[in-house]
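Here are my notes on the model you sent. They are set out as numbered points, to be read beside the coordinates.

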Amino acid sequence: MGMILIIFAINIVYVSFSTVRMILTLKGYRYIAAAVSMFEVVIYVIGLGLVLDNLDEIQNLIAYALGFGSGVVVGSKIEERLALGYITVNVITADINKEMPAELRRLGYGVTDWSANGLSGGRSTMEILTPRKYELQLYKTITDLDPKAFIISYEPKTIHGGFWVKSVKRGKLFK
């Protein structure tokens, strides 16, 4: 029973490291990803070795598979907590008086806004850039200001220039 739990736990740790490493790589944190990969491969070799040394015991293989699946979930949860990178949120609202952009700027968000026309008339459109760790807070703020706001978000791959990015890099956002 002890071997089963060890194999299960090792695989959770291994796959969690693997998931986090992949996300770090995709987000451009290649040196941190390389460091994580060193731990990942050691854990992988140990776990796989335990299974291969005991291939005649099917419960070890099952523990390996269950640990692998559980590791994907745990790794995803870790990544959600890390909330690396930025999110760009596009908002379309009927607030043509520009109160929402002003309030969002007051709260520290980077907002570019412009007038637009929709099916039923004038609209205000905004593009908002924020660190991912503030994503849910931003959605709540927007829906508190306008429950009918149309919101689309995506992760930008490259960000260059602008006053807001400099403020974030200096740690001066939301203080």
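**Notes on the predicted model**

1. Helices (H or I, at least four residues) and strands (E, at least two) are DSSP runs, numbered from the N terminus.

2. On conventions: this is a predicted model, in which local features need pLDDT of at least 70 and side-chain atom pairs count only at pLDDT 80 or more, while totals for chains, interfaces and linings use all residues. Residues are numbered from 1 along each chain as its sequence is written, and side-chain values use heavy atoms, with hydrogens and water left out.

3. Helix 3 covers residues 58-82, which is 25 residues. From first C-alpha to last it reaches 36 Å, close to the 36 Å expected at 1.5 Å a residue (the expected span is 1.5 Å times one less than the number of residues).

4. Asn 60, Ala 63, Tyr 64, Gly 67, Gly 71, Gly 75 and Glu 79 of helix 3 are buried. Buried means under 20% relative accessible area, exposed over 50%, and partly exposed in between (1.4 Å probe, protein chains only). The buried residues of this helix pack against helix 1 (2-26) and helix 2 (30-53); contact means heavy atoms within 4.5 Å.

5. Arg 21 and Glu 40 meet through their side chains at 2.5 Å, N to O, where a salt bridge is a side-chain nitrogen of Lys or Arg within 4 Å of a carboxyl oxygen of Asp or Glu. Because Glu 40 lies in helix 2 and Arg 21 in helix 1, the pair ties together parts 19 residues apart in sequence. Both residues are buried.

6. The structure holds five salt bridges. Another one of them joins Asp 113 to Arg 105, with the closest N and O atoms 2.5 Å apart. Asp 113 is partly exposed at 23% relative accessible area, and Arg 105 is partly exposed at 38%. Asp 144 and Lys 140 form a further bridge, at 2.9 Å; they lie four residues apart in helix 5, about one turn, and both are exposed.
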